[in-house]
2 protein chains.
Amino acid sequence: MGMKVTPWEVSGHINYEKLIKEFGTSRITKGLLEKLASYGKLNVMLRRGFFFSHRDLDLVLKDYETGKGFFLYTGRAPSGPMHLGHLLPFMITKWFQDTFKVNLYIQIPDEEKFLAKRDIRSLEETDRWVKDNILDIIAVGFDPNRTFIFQNREYAKNMYSMAVKIAKKVTFSTAKAVFGFTNETNIGMIFYPAMQIVPTFFEKKRCLIPSAIDQDPYWRIQRDIAESMGYYKTAAIHSKFFPPLSGIIGKMSSSKQEDAIYLSDSPEEVRYKIMRYAFSGGGATIKEHREKGGNTEVDVAYQWLYIIFEENDNKIAKIKEEYESGKMLTGELKNYLIEKINRFLEEHRKGKKRAEKLIDKFKHDGKLAREMWERVI
Amino acid sequence: MGMKVTPWEVSGHINYEKLIKEFGTSRITKGLLEKLASYGKLNVMLRRGFFFSHRDLDLVLKDYETGKGFFLYTGRAPSGPMHLGHLLPFMITKWFQDTFKVNLYIQIPDEEKFLAKRDIRSLEETDRWVKDNILDIIAVGFDPNRTFIFQNREYAKNMYSMAVKIAKKVTFSTAKAVFGFTNETNIGMIFYPAMQIVPTFFEKKRCLIPSAIDQDPYWRIQRDIAESMGYYKTAAIHSKFFPPLSGIIGKMSSSKQEDAIYLSDSPEEVRYKIMRYAFSGGGATIKEHREKGGNTEVDVAYQWLYIIFEENDNKIAKIKEEYESGKMLTGELKNYLIEKINRFLEEHRKGKKRAEKLIDKFKHDGKLAREMWERVI
């Protein structure tokens with residue numbers, strides 16, 4: 001199965017080395033990781049190579065050192081409840097904000113999914129998820145005075161002029177080549193990239209965008225036009241795709257129940273889904289497993305632990321060894337993961353409750369939010 | 001020379017009969033004019049057939065009679081000072097507002113020219129004309145409590161959601177066919193039609209748009225999608241193009257000094273331009289003129305008098321007769337026009353001075369303006 005990676009579709013076996021070459025990004029090297037580690041304990045997703053690729057991260061760090069500084073930007077287009085995979089870019093973003101104490105802009109493009117998906121018939125269909133998604137995002141724990149969360153349609157007056165300036169620099173030809181637009185693409189979708197690029201110009205500093213690598217096409221266009229507009233080419237760090245429960249092909253999708261753990265799933269649902277759906281790299285029988293061991297490369301439970309849920313390097317090494325040697329069974333591995341996830345989700349739900357009170361600060365009343373509502377960019 | 005009529009280019013000898021067929025609009029019939037005349041003294045531009053074509057004007061009048069009502073919408077994209085030709089759609093619009101006492105929305109698309117013209121390098125280049133143009137428009141004398149003047153970039157938050165809904169219904173294919181977009185068209189220009197269509201949905205009544213016929217492609221798209229969105233297909237009345245001084249080919253253009261009389265031209269400038277540039281249908285010599293008479297069909301001074309500056313039907317008939325018979329000379333005809341225009345411009349300038357105090361009412365504080373700022377459509 002060939003791989004396909006666009007902002008709207010990810011499928012097939014993903015060859016990340018090939019993506020780096022095709023997209024023209026850079027691998028995050030050991031040297032770069034060591035440099036990052038000098039500012040604070042490396043986040044597990046960096047340490048384990050889940051964030052594997054970047055553009056100009058080295059220049060971001062240089063700007064930080066020389067005092068120029070930088071800012072962070074990421075986002076989420078609401079169309080349903082958030083699952084674990086959706087949270088990872090926000091978690092690495094929090095690590096960067098905590099470590100470097102910089103401003104963060106979180107775009108909620110509340111028009112994108114409506115424009116992109118034929119089966120979403122009204123803006124109201126996605127609007128009903130906006131607040132819930134924002135609460136999930138706030139629960140990650142950003143600094144409310146250094147973070148601005150904005151919905152494109154609410155913030156349109158402040159963004160539209162810049163979107164127009166960006167749009168003038170992008171021909172249909174370019175958009176077609178980068179996003180695969182066709183004659184049947186609607187004219188809102190064709191314009192939308194301008195809206196997603198706007199926040200990279202919110203400050204006259206370098207912007208660092210943590211996201212999965214499928215979003216990179218937007219940043220490629222931004223980098224083509226930024227300097228001619230008097231701004232910096234944006235920097236980015238790219239993650240791999242968080243594997244769906246059903247196996248390490250494509251990315252976790254909201255459209256298949258059996259693929260995702262939602263942030264709202266109860267402990268019982270988590271247990272059921274992982275026991276029932278998490279693709280196992282274990283032997284077909286206990287006997288076979290004890291003899292040959294499990295395959296951690298394809299085992300989703302192991303992969304999830306490795307990517308995010310078991311931060312302790314010694315523990316994950318021990319799990320790998322025991323699972324591959326056949327000492328640890330699939331059920332034991334899954335139970336370990338279930339406990340980890342349920343503890344994580346319990347904390348998340350507490351954070352989400354607290355978020356209710358913070359939402360106004362992030363959107364309107366916090367220090368950065370107030371500044372941003374007074375500005376038309 | 002073949003004719004070309006798009007919202008961005010008008011050139012060649014315009015065959016208006018052919019345009020009606022090509023665009024699929026309807027001629028404004030005598031019957032329709034008589035009907036209009038039953039509501040108030042017909043505006044000269046209707047009487048003389050300068051507004052010659054329409055869509056659903058009959059339905060507008062029906063809606064008015066049954067008490068459903070209708071509303072007016074027109075606009076102006078600023079990129080320089082306004083000339084006489086720019087004012088005509090506003091003058092007919094005023095006639096409709098005065099006659100039917102209806103709401104009027106005036107769009108100032110302060111992004112359009114920047115997006116459409118390669119040689120306009122910044123939004124600031126067009127922004128410096130916005131206020132001056134708005135004052136010229138207000139000087140026409142609209143009802144400040146029934147008229148809302150809005151700039152797209154200022155009003156973007158209130159328009160963007162509807163623009164997105166419209167945009168989803170228009171494919172690049174359609175926009176290409178209707179506007180002649182190419183692969184080299186920028187993505188802002190491709191989206192822009194959605195912004196121009198938005199105001200046709202400001203009320204759940206039929207919208208009537210007075211404009212030159214080159215704007216009709218926008219209304220064609222609107223009419224394709226309006227009913228599926230729960231709104232009325234917009235109605236329109238279309239004018240011919242106000243002939244440039246240099247001759248009755250194409251339309252009056254701001255880019256050629258010798259083609260246009262600006263609203264800011266002094267009496268001396270008006271005299272100079274008309275004497276020097278107004279294409280004459282008179283004989284090559286006085287002798288020839290006295291013998292053969294002048295050709296009113298191609299004489300720009302006569303055409304201007306006919307279209308707008310001599311409202312008195314008896315007087316214009318007499319001028320025609322005297323000019324065609326050779327009794328009236330070109331110089332006399334031009335002098336007559338010069339006096340008319342200068343009197344008109346003097347009044348206009350007075351109105352423009354008064355407009356300074358009204359601008360806030362039209363944009364923010366008038367009854368309709370206040371309502372519109374409270375709504376997100």
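Predicted model: local features only at pLDDT ≥ 70, side-chain atom pairs only at ≥ 80, totals over all residues.
**Two chains, one axis**

Reader: How many residues make the contact between the chains?

Author: With heavy atoms within 4.5 Å as the test, 36 residues of chain B are in contact with 35 residues of chain A.

Reader: What area do the two chains bury between them?

Author: About 3100 Å², with 67% of it on carbon and sulfur atoms. On the chain B side, B:Tyr160, B:Lys168 and B:Ile187 lose the most area to chain A. Together they account for 26% of what that side buries.

Reader: How do you know how many salt bridges there are between chain B and chain A?

Author: The test is a side-chain nitrogen of Lys or Arg within 4 Å of a carboxyl oxygen of Asp or Glu. Between chain B and chain A the count is zero. Polar contact is another matter, with a cut-off of 3.5 Å between N or O atoms. There the count is 20 residue pairs, both residues at pLDDT 80 or more.

Reader: Which helices supply the side of chain B that touches chain A?

Author: α6 (112–116), α7 (123–138), α8 (156–168), α9 (172–179) and α10 (187–197) of chain B each supply at least two residues. α8(B) gives the most, with eight residues. By class, that side of chain B divides into 16 nonpolar, nine polar and 11 charged residues.

Reader: Now the sheet in chain A. What makes β3 and β7 edge strands?

Author: The seven strands run in the order β3-β4-β9-β8-β5-β6-β7 in an open sheet of mixed pairing. β3 (26–27) and β7 (147–151) of chain A each have a single partner strand, so one side of each is left without a neighbour in the sheet.

Reader: How do you know that β3(A) and β4 of chain A pair?

Author: A pair needs at least two bridges. β3(A) and β4 (residues 51–55) have two, in the antiparallel sense.

Definitions and conventions:
Residues numbered from 1 in each chain as written. Chains lettered and ligands numbered in written order. Heavy atoms only, no water. Helix = DSSP H or I, 4+ residues; strand = E, 2+ residues; numbered from the N terminus. Buried area = accessible area lost by both parts, 1.4 Å probe. Polar contact = N/O pair within 3.5 Å; in protein donor to acceptor, adjacent residues only side chain to side chain. Nonpolar A, V, L, I, M, F, W, Y, C, P; charged D, E, K, R; others polar.
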